[in-house]
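Biologist: Please put the model up. I want each label held against its definition.

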Amino acid sequence: METHVQNFLNKISVACATIATITLLYLYLQTPETCIPPDTPITKSNLKFPSSTCDPALNRPYLSHDKKNQRLWSSKSWLSQVSSFTAFFSQVQHLNLLHNHSRVLCVSAGAGHEVMALNNMGVSDVTGVELVDSLPLVRKADPNNLPFFDGVFDLAFSARLVEALFPLRFAGEMERTVRRGGVCVIVVEECGNEEVSDIVGLFRKSKFVGAKNVTLIGMKMTRIIMSVAVSSPS
């Protein structure tokens, strides 16, 4: 009985294999309706399939550097941050520490929101530096080794001291480039007196002027001001 069943199953397997082979052969020989007819002449396409996202075949519209900046500077986010920095520096101006003729250095200035804010206020001599440039507002420079002579600025500002790899060196370079009697203005996340003292301690050639909690770009921050008391040796 088992032998008859096995023979029957073998016959079914052979029949299925034969049907499958015939079907595949038919599909291979049959031209699908969606394909190009065999007698159609082959012509080279004018369109090239892009090999990567950088391939010119993508035919993306080119935007000049000026147009990219114009698009960025007109965005709601950009205008909001520039407005916030303008309000911040207006407070510094009211303290008689910032004037239109002041020479200002913005260290680790990012994309340059603070630089534009100062320019909009009428402060024309503003220099923004960052590890990666963002022209024309910010140029490339190492904040731990600033490419400026001693005492050439009236005010140095940074909102990124806490992000510095070498905060003591960072603070020292800010002091070095500011003239005697000029000020270093630092903004950090809102903190207490102990943290303020730690930050002030980084500025070894300056005197503490004051600290105040402020709001900048929608965040609660603490503004710390130091007056440079000792000129760096030339």
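Biologist: Which residue in β2 stands opposite Val-104?

Modeller: Val-126 does. The model is predicted, so local features need pLDDT of at least 70, side-chain atom pairs count only at pLDDT 80 or more, and totals for chains, interfaces and linings use all residues. Residues are numbered from 1 along each chain as its sequence is written, and side-chain values use heavy atoms, without hydrogens and water.

Biologist: What makes β1 and β2 (residues 126-130) a pair?

Modeller: Strands are DSSP runs of E, at least two residues; helices are runs of H or I, at least four; both are numbered from the N terminus. Two strands pair if DSSP finds at least two bridges between them. β1 and β2 have 4 bridges, in the parallel sense, so they qualify.

Biologist: What is the strand order in the sheet?

Modeller: β3-β2-β1-β4-β5-β7-β6, 7 strands in an open sheet with mixed pairing.

Biologist: Why are β3 (138-140) and β6 edge strands?

Modeller: Each has a single partner strand, so one side of each lacks a neighbour in the sheet. From one strand to the next, the twist averages 25 degrees.

Biologist: How do you know that α5 packs on the sheet?

Modeller: Contact means heavy atoms within 4.5 Å. α5 touches β1, β4, β5, β6 and β7. Its direction makes about 145 degrees with that of β5. Axes are lines fitted to C-alpha atoms, for helices over the stretch in contact, and angles run from 0 to 180 degrees between N-to-C directions.

Biologist: Why is Ser-158 called buried?

Modeller: Buried means under 20% relative accessible area, exposed over 50%, partly exposed in between (1.4 Å probe, protein chains only). Ser-158 has 0%, so the label holds. Ser-158 lies in β4. Beyond four places in sequence, its contacts include Val-107, Phe-170 and Met-174.

Biologist: What lies 3.1 Å from a polar atom of the Ser-158 side chain?

Modeller: The backbone oxygen of Val-107. A polar contact is a pair of N or O atoms within 3.5 Å; within protein, one must be able to donate a hydrogen and the other to accept it, and residues adjacent in sequence count only if both atoms are side-chain atoms.

Biologist: Which residues touch the most other members of the largest nonpolar core?

Modeller: Phe-88, Leu-98 and Phe-157, out of 29 residues. Such a core is a set of buried Ala, Val, Leu, Ile, Met, Phe, Trp, Tyr and Cys residues joined through side-chain atoms within 4.5 Å. The largest share, 6 residues, comes from α3.
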